[in-house]
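User: I have a new structure open and would like a short walk through it. Can we start with the terms?

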Amino acid sequence: AADVAPYRRAAWVALVNPGVDYMKAEKRDSAMALFSLATRVYRDEPHPYFYMASLAYEADSMERALAYFDSALATPKNEKTADIHAQAQFNKGLVLINLNRGQEAIAPLQSFVASHPDDVNAKKALLNAYQAAGMTDSVAAIAKQIEATREVIPTQVVVDSASPFNQAVALF
């Protein structure tokens, strides 16, 4: 297996790179075919799974997107793949929110926010997950963190309207 792995990875690269080109050219079916084949040739890289998940998300196929993000997260994590694993984790949380599964979205989003504490969009997504799960104390806590960055709190969230920032936003 160790002797064959470099050859499999070389074949994998030869499939993934044109798949990315097809994706950029908006030839989604061709890109999906190459990414699918790439995952059969070599399974230790998250990239083709991530790309297939992104294509499924764009096609509004949330269940497929979720399965592909899970597959991306199941690949070995190392320094080279840490960023794509993190992005897959965040995107998985977004997909779960879109599927009205807020409770399940909390864990991947909390993990992402813990490793990316300055990412306001991740905090907003986590706020949405907390809200969907009915966790009002957590909604209030994350809303305060978002407010501290001078970002607007999503309107469906009930927050302290007496805070100076939210009063300013209301006046604006």
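Analyst: Contact here means heavy atoms within 4.5 Å. This is a predicted model, where local features need pLDDT of at least 70 and side-chain atom pairs count only at pLDDT 80 or more, while totals for chains, interfaces and linings use all residues. Residues are numbered from 1 along each chain as its sequence is written, and side-chain values use heavy atoms, with hydrogens and water left out.

User: OK, what does T39 touch, leaving out residues up to four places away in sequence?

Analyst: T39 touches P48, Y49 and M52.

User: Where is T39, and is it buried or exposed?

Analyst: T39 lies in helix α2; helices are DSSP runs of H or I with at least four residues, numbered from the N terminus. T39 has a relative accessible area of 9%, so it is buried (buried is under 20%, exposed over 50%, partly exposed in between, with a 1.4 Å probe and protein chains only).

User: Which residues have the most contacts inside the largest nonpolar core?

Analyst: They are V16, F35, F69, L109 and L126, in a core of 48 residues. At least two residues of this core come from each of α1, α2, α3, α4, α5, α6, α7 and α8. A nonpolar core is a set of buried Ala, Val, Leu, Ile, Met, Phe, Trp, Tyr and Cys residues joined through side-chain atoms within 4.5 Å.

User: What is L109 in contact with?

Analyst: Leaving aside neighbours within four places in sequence, L109 contacts F90, G93, I97, A125, L126 and A129.

User: New topic. At what angle do α4 and α5 pack?

Analyst: Helix α4 (residues 62–74) and helix α5 (residues 82–98) pack at about 155°, with axes 9 Å apart. Axes are lines fitted to C-alpha atoms over the stretch in contact, and angles run from 0 to 180 degrees between N-to-C directions.

User: Which residues make that contact?

Analyst: α4 brings M62, A65, L66, F69, D70, A72 and L73, and α5 brings H85, A88, Q89, N91, K92, V95, L96 and N98.
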